[in-house]
Amino acid sequence: MLGAANQTNWLEIVTAISAIGALLVSLGGLLVSIRTSLIHKRQTYASVFSNSRIDWIKCLRTKLAEFLLAYLEEFNKLPSERYKTIALKYEIDLYMDYQKNVFGKSNPEYINLSNRLAKYLKAPVQKPIVDHALLVKDSQKVLASAFLRAKREAGITKKMDLKYWNDIIELPSTEDNN
């Protein structure tokens, strides 16, 4: 009788160990599934968000180019007669939320560009080529800032970015210079 009770205890222990093992495997599978789901969700968000940001950059670049062309056409008109540049300035301001970024910090590139655009609409232009060059420079800063933000939102870190460019650009070795 002692042998039958001992055999029952072993069966119960083996059954309990099997049940605990199955539970651990199920929990592990659930955790892997949750982690995979979160990674997929993050990747989808980054992809959609970065694609939207790229479209936004393209539209902003187009509007800035239109403004620069209109500016060259209208610079000799009175400020009150620069209808095309006025309309484009307001469109550009709609594209740029230049007061705060997503982290609640000011975007100085956006503010500088918006202020420069407003200044040109109010005052007679003295040096169109110099002013045009400054507009181009400020526009490039805004676009570069937006592109960098798009890369960060897509999950591309500065370290990944540097590695990418270092892999593409082969720097000349110092041995060739000797």
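Let's start with D138, which sits in helix α4; helices here are DSSP runs of H or I with at least four residues, numbered from the N terminus. Keep in mind that this is a predicted model, where local features need pLDDT of at least 70, side-chain atom pairs count only at pLDDT 80 or more, and totals for chains, interfaces and linings use all residues. Residues are numbered from 1 along each chain as its sequence is written, and side-chain values use heavy atoms, with hydrogens and water left out.

So, is D138 buried or exposed? D138 is buried, at a relative accessible area of 7%; the cut-offs are under 20% for buried, over 50% for exposed and partly exposed in between, with a 1.4 Å probe and protein chains only.

What does the side chain of D138 meet? There is a polar contact of 2.3 Å between the side chains of D138 and R116. By polar contact I mean a pair of N or O atoms within 3.5 Å; within protein, one must be able to donate a hydrogen and the other to accept it, and residues adjacent in sequence count only if both atoms are side-chain atoms. Setting aside neighbours within four places in sequence, D138 is in contact (heavy atoms within 4.5 Å) with N112, L113 and R116.

Now follow L113. With neighbours within four places in sequence again left out, its contacts are L64, M96, L135, D138, S139 and V142. A quick reminder: an α-helix has 3.6 residues a turn, so residues three or four places apart point the same way.

On to the core. The largest nonpolar core has 21 residues, and W56, L60, F67, I92, M96, L113 and L135 touch the most other members. Such a core is a set of buried Ala, Val, Leu, Ile, Met, Phe, Trp, Tyr and Cys residues joined through side-chain atoms within 4.5 Å. At least two residues come from each of α1 (2–74), α2 (83–95), α3 and α4 (128–153), and α1 gives the most, with eight.

Finally, the whole chain. It has five helices and zero strands, and buried residues make up 25% of its 178 residues. Of the contacts with a separation of 6 or more, 65% join residues 24 or more positions apart.
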